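Please look over the sequence and the model before reading on.

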Amino acid sequence: MIIALAGRRVDPPDVAESRFPPEKIDIVKERIRNLFRGQHSTTLVCSAACGADLLALEAAQELEMRRRVVLPFTRDEFRRTSVADRPGDWGRSFDRVLDDVQRERDLVLLGYSENDPAAYAATNSAILDEGTLIARANGLALTAVVVWDCKSRGPDDLTEQFKKDAQRRHLPVLEIPTVD
């Protein structure tokens, strides 16, 4: 099974509405690991933001899965804007994962500007595209996994858009909750 994954970043301090509280990190990582085992997953395709992405990438490494990472722009720009801007040791995890992924030649840089409002939506689409290519090349099924609080933030909710894009592609979609 090939997994294409997207989800919530861990909440910043003093957030008005919690979508991925830091105290849920360990349980969410365990849920991800269990889903990967249960699906007999061999490859993970996702981005590398703090929260769902990095937890999934760490779980995939523990399970010796192939990891393909899609970033909208350069590694340094992404680290600054989507990893190191939240509390925790996400930067170290990001550096370790990206070093491994680059060494395996499984890093895809889309070349967007960090100021391009379409960059993240394009990344989600590219994650599904990459997953589709890998699944076809290996004769395996592709499943989309959404790690989130199971409710929309509104029309600009990129996690919900990922889920809807996967459904439009007629992919099975599994959800992992970040809140109880």
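Across which strands does α4 lie? Helix α4 lies across β3 and β4, running at about 105° to β3. The model is a predicted one, in which local features need pLDDT of at least 70, side-chain atom pairs count only at pLDDT 80 or more, and totals for chains, interfaces and linings use all residues. Residues are numbered from 1 along each chain as its sequence is written, and side-chain values use heavy atoms, with hydrogens and water left out. Helices (H or I, at least four residues) and strands (E, at least two) are DSSP runs, numbered from the N terminus.

**The sheet**

An open sheet is formed by 6 strands in the order β4-β3-β2-β1-β5-β6, and the pairing is parallel. Two strands pair if DSSP finds at least two bridges between them. At the edges stand β4 (107-109) and β6 (173-177), each with a single partner strand, so one side of each has no neighbour in the sheet. Direction ignored, neighbouring strands are turned by 20° against each other on average.

Strand β3 (residues 66-71) is joined to β4 by 3 bridges, and the two run parallel. Here Val69 stands opposite Leu107 in β4. The pairing of β2 with β3 is also parallel, over 4 bridges, and Thr43 has Arg66 in β3 as its bridge partner. Of the 6 residues of β3, 5 are buried (under 20% relative accessible area; exposed is over 50% and partly exposed in between, with a 1.4 Å probe and protein chains only).

Helix α2 (residues 52-62) lies across β1 (2-7), β2 (43-46), β3 and β5 (142-148), and runs at about 150° to β1.

**Helix pairs**

Two packed helices are described by the angle between their axes and the distance between the axes. Axes are lines fitted to C-alpha atoms, for helices over the stretch in contact, and angles run from 0 to 180 degrees between N-to-C directions.

| Pair | Angle | Axis distance |
|---|---|---|
| α3 (residues 75-82) and α4 (residues 90-103) | about 150° | 11 Å |
| α2 and α4 | roughly 50° | within 10 Å |

By these angles α3 and α4 are roughly antiparallel to each other, whereas α2 and α4 are oblique. Angles under 35 degrees count as roughly parallel, over 145 as roughly antiparallel, 65 to 115 as roughly perpendicular and the rest as oblique.

The crossing of α2 and α4 is left-handed, while α3 passes α4 in a right-handed crossing. A crossing is left-handed if the near helix is turned anticlockwise from the far one by less than a right angle, and right-handed if clockwise.

In α3, Arg75, Phe78 and Arg79 meet residues of α4, among them Phe94, Asp95 and Leu98. Contact means heavy atoms within 4.5 Å. The residues of this contact of α3 with α4 divide into 3 nonpolar, 2 polar and 5 charged. Ala, Val, Leu, Ile, Met, Phe, Trp, Tyr, Cys and Pro count as nonpolar, Asp, Glu, Lys and Arg as charged, and the others, Gly among them, as polar.

**Thr159**

Thr159 has its place in helix α6 (residues 158-168). Is Thr159 buried or exposed? Thr159 is buried, with a relative accessible area of 7%. Leaving aside neighbours within four places in sequence, Thr159 is in contact with Gly7, Arg8, Val146, Val147 and Trp148. Thr159 and Leu5 are 154 residues apart in sequence and 9.6 Å apart in space, C-alpha to C-alpha.
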